[in-house]
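Trainee: I would like to learn how to read helix packing and sheets in a structure. Can we go through one together?

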Amino acid sequence: MNLTGCTLTQITELYRQTRQYSEQLCEPLAIEDFNAQPTVEVSPPKWHLAHTTWFFESFLLEGRTEYKPCNGQFSYFFNSYYHSLGERVARDQRGALTRPTVAEIMDYRHHVDEAVIKLIGEGLTDKQRSTIELGLNHEEQHQELLVYDIKYILGHQPTFPKYNDRFTLQSDSHSDGKTAIEEGIYSIGFEGSGFHFDNEKAAHRHILRAYEIDNQLVTNGEYLEFMEDGGYSNPLLFHSDGWNDLQERNYRHPEYWIRKDEEWHEFELSGLQPLNLRAPVKHLSYYEAWAFAEWKNRRLPTEAEWEVAAQQPDFSYGKLWEWTESAYMPYPGFRKPDGAIGEYNAKFMVNQLVLRGGSIASPKNHVRRTYRNFFTLTSVGCSAE
Ligand SMILES: [Fe+2]
């Protein structure tokens, strides 16, 4: 979401649309789905709806004499990871919050919306304007996380219920195309105007050796070949930590692959489907992606290699997040914002790797070649916070 050059009326409309879309994403759910937290990496849909509201309340409305919070405890319930803003419900206890109810959370959303829209109508300082812009981008990030978490919740029901048809990758993929990049000095990171997250700055020069990179995603069919060639049983293909993770969690196929009637199936948000061998393989941990590359005698790209390749017209991206070899670290010249908002990205710049590209569930304006997503190495696509 980019508010550069927008009038107050346009900001109001973009605010309304963004907030309504989060609620629309929850419309196909049963009321029982809103509170489910089947694993700690998943946040209940109700929590996402409340937390994105808390963000506007905490960073924009709090402290204004004319704003009356609808419940003083919500800051404790729905703060995610902002230690400088006080105590919060532990992450693994979010699903235990059966109260406030879904209806009360919807009232909370509308209470805050009314106050924000009133504030916009009265005129905005530059700081308020940039806080609204960040809050909308934050909400869009949670809209994507909502889709991941809904998939996990429904995909772990014995009945594999359908959500909708919107988030299934229909296009077939093949991986025989390559993009070649010459050795040179390239600019990496966000330059210019328009919204970007702090972790995309500062643009800087980066030396790359010549390389070739696949310009299409790996398919389920190719990944099945790796499995049938004993990929998961070959310790030579895995990092030590990856091999240990395989033994501890005892998995031998991608998340959401299900063996049924002696055939592979995959749970999609459209329900349980026969495995489409020509569709891109998804929900791999970093360790699985790395092992597959090792098996192919290839390697994963660095984030700089990915970003430069993504400038080429034949390079396809935006369907799935793609693991890179790069540690999630600050770029040269990075400076975290002052105050609690400094906790947004900077404190996660350790022990995580960068993913690039965007997914079918990403808001369109988040699919840009400088966007840096990041996850822990064992993650297969559940919510961060
Ligand atoms: Fe958040």
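This is a predicted model: local features need pLDDT of at least 70, side-chain atom pairs count only at pLDDT 80 or more; totals for chains, interfaces and linings use all residues.

Trainee: How are two packed helices described?

Mentor: The description uses the angle between their axes and the distance between the axes. Here, helix 2 (residues 45-61) packs with helix 5 (residues 126-155) at about 170 degrees, and their axes are 9 Å apart. An angle over 145 degrees counts as roughly antiparallel, so helix 2 is roughly antiparallel to helix 5. Their contact has 13 nonpolar, eight polar and two charged residues.

Trainee: At what angle do helix 6 and helix 8 pack?

Mentor: Helix 6 (residues 220-228) and helix 8 pack at about 80 degrees, with axes 11 Å apart. That makes helix 6 roughly perpendicular to helix 8. On the helix 6 side are Glu 222, Tyr 223, Glu 225 and Phe 226, which meet Glu 288, Ala 291, Phe 292 and Trp 295 of helix 8. By class, this contact has five nonpolar, no polar and three charged residues.

Trainee: How do strands of a sheet pair?

Mentor: They pair through backbone hydrogen bonds, either parallel or antiparallel. In this model, an open sheet of three strands has the order 8-9-10 and antiparallel pairing. Strand 8 (322-327) and strand 10 (373-375) are the edge strands, each pairing on one side only. Strand 9 (residues 353-356) pairs with strand 10 over three bridges. Leu 355 has Asn 373 in strand 10 as its bridge partner.

Trainee: Which strands does helix 8 lie across?

Mentor: Helix 8 (residues 286-295) lies across strand 8 and strand 9, and runs at about 95 degrees to strand 8.

Conventions: Residues are numbered from 1 along each chain as its sequence is written. Side-chain values use heavy atoms; hydrogens and water are left out. Axes are lines fitted to C-alpha atoms, for helices over the stretch in contact, and angles run from 0 to 180 degrees between N-to-C directions. Helices (H or I, at least four residues) and strands (E, at least two) are DSSP runs, numbered from the N terminus. Angles under 35 degrees count as roughly parallel, over 145 as roughly antiparallel, 65 to 115 as roughly perpendicular and the rest as oblique. Ala, Val, Leu, Ile, Met, Phe, Trp, Tyr, Cys and Pro count as nonpolar, Asp, Glu, Lys and Arg as charged, and the others, Gly among them, as polar. Two strands pair if DSSP finds at least two bridges between them. Contact means heavy atoms within 4.5 Å.
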